[in-house]
Amino acid sequence: MERTLVLLKPDAVQRDLVGEILARLERKGLKIAGLKMMRLSDELLNEHYSHLVGRPFFPEVKSFMQLTPVVALCLEGIDSVNTVRAICGITKAREAAPGTIRGEFAMSVQANLIHCSDSLETAQVEVPRFFKPEELFTYSDALEGYLYNSS
Ligand code: UDP
């Protein structure tokens, strides 16, 4: 089982798409290990988007991410990092594949609704960045055996 980090960005909150996006991820079979609403500090955003610090659009990305609280999720499942990435779609939402969250609901590079960890290594850093150990839950799910059917 892998755990991955998802953030439902301020455009998802403002457009009332939190339930829709969460339902899509949940219906796929991803288990919610952590879920909370939080405001992102400058410090947290500098760390989270450290690969973008110095890019001309970074200040705008930061203020966009602070427009409202975000919804942070830790999702669990076999190969959950790649699975969630595929469901999200590519960064440039206008070009994201139909059927993906960005492809279905977004038109912008910046306002692309959702963040998800891009690799297992990143997920292992991002999950503890956003969740304290006591905010993450391990529990059995009645349908898990049927969901994966041994593979
Ligand atoms: N972003 C932007 N303009 C750009 C590139 C990125 O506004 O030219 C924003 C966008 O919201 C994106 C986030 O910065 O989701 C992080 O960029 P990254 O390249 O890590 O893409 P992601 O992993 O979110 O698809």
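Axes are lines fitted to C-alpha atoms, for helices over the stretch in contact, and angles between N-to-C directions run from 0 to 180 degrees. Helices (H or I, at least four residues) and strands (E, at least two) are DSSP runs, numbered from the N terminus. The model is a predicted one, in which local features need pLDDT of at least 70 and side-chain atom pairs count only at pLDDT 80 or more, while totals for chains, interfaces and linings use all residues. Residue numbers start from 1 along each chain as its sequence is written.

Helix 2 (residues 18–28) packs with helix 5 (residues 80–88) at an angle of about 135 degrees, and the axes are 11 Å apart. That makes helix 2 oblique to helix 5 (angles under 35 degrees count as roughly parallel, over 145 as roughly antiparallel, 65 to 115 as roughly perpendicular and the rest as oblique). Arg-24, Leu-25 and Lys-28 of helix 2 make the contact with Thr-83, Val-84 and Ile-87 of helix 5, two residues being in contact if their C-beta atoms, placed from the backbone, lie within 7 Å. Three nonpolar, one polar and two charged residues form this contact of helix 2 with helix 5. Ala, Val, Leu, Ile, Met, Phe, Trp, Tyr, Cys and Pro count as nonpolar, Asp, Glu, Lys and Arg as charged, and the others, Gly among them, as polar.

An open sheet of four strands has the order 2-3-1-4, with antiparallel pairing; strands pair if DSSP finds at least two bridges between them. Strand 2 (31–38) and strand 4 (114–116) stand at the edges with a single partner strand each, so one side of each is left without a neighbour in the sheet. Strand 1 (residues 2–8) and strand 3 (residues 70–77) run antiparallel and are joined by seven bridges. Leu-8 stands opposite Val-71 in strand 3.
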